Amino acid sequence: MKTLIRGGRVIDPKTGRDGTFDILVENSVIREISDTIKKPEGKAQVIDASGRIVAPGLIDVHCHLREPGFEYKETILTGTSAAARGGFTTVVCMANTSPVNDSRSVTEFIVDKARTEGKCRVLPCGAITRGLKGEELAEIGEMFAAGIIAISDDGRSVRNAGLFRKALEYAKTFGLPVISHCEDETLSGGYVHEGTSSLLNGLEGIPAIAEEIIVERDIAIARYVDAPVHITHISTRGSVGIIEAARKTFRKVTCDTCPHYFSLTDEATLTFDTNTKVNPPLRSKRDVDAIREGLNKGVVDIIATDHAPHEYTSKDVEYDLATFGISGFETAFALSLGLVRDGVLDMKGLLAKMTINPARLLGINAGTITEGAPADIIIFDPGIEWTVDRGSFASKGKNTPFHGATLRGKNLLTMSGGTIVFNELK
Amino acid sequence: MNWKRKDLLDIRDLSKEEILFILDTAESFKDISKREIKKVPTLRGKTVITLFYEPSTRTRTSFEIAAKRLSADTINISSSTSSSTKGETLKDTARNLESMRPDAIVIRHSMPGAPHMLAAILDSSIINGGDGSHEHPTQALLDLYTIREKKGRVDGLKVAIVGDIAHSRVARSNIFSLKNFGNEIICCGPPTMIPPYIETLGVRVEYDLEKAVRKADVIMMLRIQKERGGTKYIPSTKEYSTLYGLTKKHVDTAADDVIVMHPGPMNRGTEIMDDVADGPASVILDQVENGVAVRMAVLYLLIGGEA
């Protein structure tokens with residue numbers, strides 16, 4: 001099967017390519033990129049991408065697909081459908097399923113399920129500790145053999161610093177990235193950012209230092225054992241500062257943030273809309289500004305979604321009782337394109353944070369449009385305005401604080417491994 | 001002015017005009033409680049439900065008496081008798097109550113925003129009877145009413161609020177209303193009970209009780225919010241009492257015509273000593289009395305419109 005993508009502006013951050021090119025895809029691989037390619041003989045489909053941007057499929061290093069165990073929140077099928085719609089062709093799903101992905105059999109289940117039902121590539125992240133309990137290491141080698149791409153106890157920090165050290169050391173054997181959710185639970189325990197908004201609405205606060213103390217700790221441990229560490233979903237000015245300073249002498253620190261941390265402030269929580277409840281919480285304007293600056297200066301390498309779908313009833317309760325999380329796949333790219341309009345990043349810089357940078361972290365051959373690379377490609381239009389309607393989400397999780405918002409920039413076509421998995425291109 | 005709101009959720013939302021309008025309306029209701037026949041037909045045929053998920057003596061009784069003096073029918077539901085113990089959600093409970101066509105629901109809940117959630121889905125008027133550490137608007141209204149009654153004004157006063165500011169909805173609502181009228185506010189308590197960023201509300205923080213109350217026109221004492229973990233923030237109530245218990249000696253350094261307020265329930269000997277609670281500056285029982293008038297006004301304005 002051959003597909004010819006014609007006349008689009010191809011932007012590939014890895015090679016620096018930016019110009020109008022035709023792309024020929026054969027089966028699952030990018031065969032040729034040239035100024036003009038003739039329609040091949042025989043059966044071939046032609047996609048007219050003129051006036052649009054053609055980019056590598058997006059890679060998300062942090063999402064929750066909820067299967068196994070929480071199929072009422074999301075499944076691998078619905079989650080990857082949402083991912084495909086949002087422009088993602090590779091997603092890393094966290095281990096907090098039920099049972100937890102802390103063993104070979106759970107990893108195998110996810111890999112198998114994704115192979116048969118997934119709309120894009122699913123790379124499972126294994127747990128660092130058994131049952132995410134923070135007490136003993138999970139069988140990381142077994143999970144590695146079954147296909148995990150990273151390890152993380154996402155949802156919480158490994159409270160025991162000595163155990164986190166062992167995880168960083170042990171992961172070296174397999175070259176597995178260690179993804180750290182940074183939160184000191186003796187300081188958190190609230191529901192929203194501790195700041196001027198929590199002062200007004202009386203909701204229990206989560207101070208910025210609850211995150212920053214563990215960012216500092218985990219980098220110190222990584223430096224000591226000379227192992228790479230990836231800090232996920234950073235949300236505060238302090239975290240950006242700590243990582244920026246650490247990098248000067250220790251280069252193995254990478255980090256990501258999520259669209260809600262550069263698009264919304266804690267003021268959004270003043271309405272008590274439970275869709276604004278997320279962990280880490282939406283922070284102050286000052287923090288949001290620092291995250292944007294960190295993206296601009298290259299301190300923040302990656303934009304992840306932390307797609308955290310929930311069933312309606314878990315959000316349809318008092319703010320204190322509501323679940324944490326935002327369904328992010330279907331708004332992430334449009335929100336991120338806002339960074340280009342606001343002058344925080346240029347288009348190539350933004351795409352790098354959603355394609356080649358995550359590919360490098362994960363050590364996978366993806367995130368680039370080059371001859372011989374997997375045919376993971378998106379076609380989007382940064383100018384299209386659309387209104388977020390959670391009812392139309394492919395995800396089961398309708399929990400978005402952006403419902404009703406008008407966003408600019410829309411993914412129109414997603415090709416994953418040579419197969420078109422989403423197409424709204426007229 | 002014309003009253004337009006369906007609900008009373010926050011003091012922070014209200015304009016000065018609205019607040020004064022409620023106080024003026026309350027003024028006209030205060031007499032009723034002093035008559036031999038303490039009842040007017042104003043809200044005849046109306047139904048008021050008090051839905052209390054937290055214990056309350058004063059506020060609930062006050063609302064019930066206020067409603068009854070206006071001839072409304074009242075029904076009390078407390079957490080021990082509601083379906084919440086059977087696993088029904090707050091929204092479902094509220095929708096079920098709404099089906100019985102009440103005109104107003106007064107809700108008290110341990111979680112901030114619970115009244116707002118109901119206001120968004122119900123046609124009944126929702127009155128916030130206290131939501132967690134967030135707001136307690138009718139308390140701030142009755143406090144302001146009492147201040148106006150005793151001081152003849154609601155502005156330009158030096159007000160010391162003492163105690164667990166962080167977990168007190170009474171403190172929050174009072175700060176919002178008193179700032180709105182341009183009063184000087186000093187928040188006093190142990191640093192663990194002063195919420196971060198409080199200065200952004202335009203108040204001054206003073207950890208020393210003696211300094212806080214010096215020359216104060218109004219002293220508002222708060223209790224330790226044991227149900228919100230209040231005792232975790234201090235080593236012991238004995239030590240708290242030594243540092244932050246209001247004594248006659250303190251009151252003597254305040255303005256000559258100082259008034260001492262407390263939203264209740266008081267812990268005598270902890271945050272307030274007997275000689276202050278029962279002393280000449282105390283207006284604590286006036287607050288309770290005025291509470292009925294203010295709540296009559298609120299009910300009247302919210303559901304008394306076109307009968």
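Predicted model: local features only at pLDDT ≥ 70, side-chain atom pairs only at ≥ 80, totals over all residues.
Colleague: Why are strand β5 (residues 53-56) and strand β16 (residues 377-387) of chain A called paired?
Modeller: Strands are DSSP runs of E, at least two residues, numbered from the N terminus. Two of them pair if DSSP finds at least two bridges between them; β5 and β16 of chain A have four, in the antiparallel sense, so they pair. Residues count from 1 along each chain as written, chains are lettered from A and ligands numbered from 1 in written order, and side-chain values use heavy atoms, without hydrogens and water.

Colleague: What does β16(A) join through eight bridges?
Modeller: Strand β17 (residues 406-416) of chain A, running antiparallel to β16(A). There, E385(A) has R408(A) as its bridge partner.

Colleague: What makes K91(B) and D316(A) a salt bridge?
Modeller: The rule asks for a side-chain nitrogen of Lys or Arg within 4 Å of a carboxyl oxygen of Asp or Glu. Here the N to O distance is 2.2 Å, so the pair qualifies. The rule finds one salt bridge across the interface of chain A and chain B.

Colleague: How many residues are in contact there?
Modeller: With contact meaning heavy atoms within 4.5 Å, 18 residues of chain A touch 22 of chain B.

Colleague: How confident is the predictor in chain B?
Modeller: On the pLDDT scale, confidence in each residue from 0 to 100, chain B averages 94, and 97% of its residues reach 70 or more.
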